[in-house]
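Thanks for asking me to look this one over. Here are my notes, point by point, to read alongside the model.

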Amino acid sequence: MSDLSSEEEAEETESEETETEDTEDTEDTEAEETEADLGEYDGERNSAGERHGRGKAQLPNGDTYDGEYEHSLRNGQGTYRFKNGAYYIGQYLQNKKHGHGVFFYPDGSKYEGSWVNDQRHGYGEYTYANGDTYAGEWFNHNRRGQGTYVYKDTGSKYVGGWVNGNQEGEAELIHLNHRFRGKFLNGNPVGRGKYVFDIGCEQHGEYIQSAEDKEEEEEEEPSLLAAPKWKATEITKLTLWTPIVKKAPSPSEASPAAAEAAAAAAGEAVEETGGAVDGEETMPTNAVTDETADGRDDEPSPHEVSSEVFSPEKHAEEEDEGSRGEEENKHAQEDQGTASLEDKEDESKEAE
């Protein structure tokens, strides 16, 4: 990661412009409506003939005012339009912009906020001609206090302190994919700070003035001095937390003790289920369920019925064996009967 410099900050601060000279002159050229030169007026008056109440005035310099008066002075809510196109809509106090008001400048910029004695003072929002915006505190027409400046071209924004219209104090300069946190002086970052990147790391360092810049400091004006340079010291990463999921060990990875425990558990399961001893497999006692007897449609599939029970070939062989056994017994009995008759005939012959 390469070191960063303040060039991007310097480029952006160049676009920070307060009102132009024409704009400043515009605010200071509101005509004083004195009794010596009142111009044209159409409105309410008091018993002394003074402009008092609601009225419209066409001033000698070409400006116009439509609003409230008190003793011939603009006082209360009103609209003042300048001949160059600028105009102010807001509150007045003794011919001065005082209170809340909106000023539209000739260059297209606009300020909306608090006014005190014709000065931007308090909280206000300024939209500049180039599209930049500032929302924050003001003091005697200048940005002072805490405020946020947004650069339209880059989308970057400065959030922090201001003094006499310049960036000064603790602040944060936020860019598209990173930000700088540190201190500013006269619109430039100074001293220690850090860059925070969206990818999850921080670059710590310090803005310093180079030796050449210090030598030229006496010859050049402070506003023309080169911006300080960034010197990185360390980079830190943010550690992302990742949950750890434990996996069950495979049989090959299991320890001997675990294997013995598994074998013992298997043996107990065999005893409880009345399994065969010495590895003999037990056959199911009932191969056919009672579902067929009830006439149900969901009959068991053929592979669920024992082939030994319903094998027609085996049944035929058993019948053949039975018939052959009966015939053999019958022949044996006949042979025995024949033999006994022959014995009796021999005995009778001997007796004679």
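1. Asn 75 is found in strand 4, which covers residues 73-81; strands here are DSSP runs (E, at least two residues), numbered from the N terminus. With a relative accessibility of 18%, Asn 75 counts as buried, a word that stands for under 20% relative accessible area, with exposed being over 50% and partly exposed in between (1.4 Å probe, protein chains only).

2. A polar atom of the Asn 75 side chain lies 3.1 Å from the backbone nitrogen of Gln 94. Leaving out residues up to four places away in sequence, Asn 75 touches Tyr 65, Glu 68, Tyr 69, Glu 70, Tyr 92, Leu 93 and Gln 94; contact means heavy atoms within 4.5 Å.

3. A word on the basis of all this: residues are numbered from 1 along each chain as its sequence is written, and side-chain values use heavy atoms, without hydrogens and water. Please keep in mind that this is a predicted model, in which local features need pLDDT of at least 70, side-chain atom pairs count only at pLDDT 80 or more, and totals for chains, interfaces and linings use all residues.

4. Glu 172 belongs to strand 12 (residues 166-174) and is buried, at a relative accessible area of 18%.

5. Now to the rings: the whole structure holds 32 aromatic pairs. Rings of Phe, Tyr and Trp (its six-membered ring) pair if their centres lie within 6.5 Å; planes under 30 degrees apart are stacked, over 60 edge-to-face, and the rest tilted. Tyr 111 and Tyr 126 form a tilted pair because their planes stand at 45 degrees, with centres 6.2 Å apart.

6. Tyr 134 and Trp 138 pair edge-to-face, at 5.3 Å between centres and 85 degrees between planes. Tyr 134 and Trp 138 are buried too.

Note on methods:
Helix = DSSP H or I, 4+ residues; strand = E, 2+ residues; numbered from the N terminus. Polar contact = N/O pair within 3.5 Å; in protein donor to acceptor, adjacent residues only side chain to side chain.
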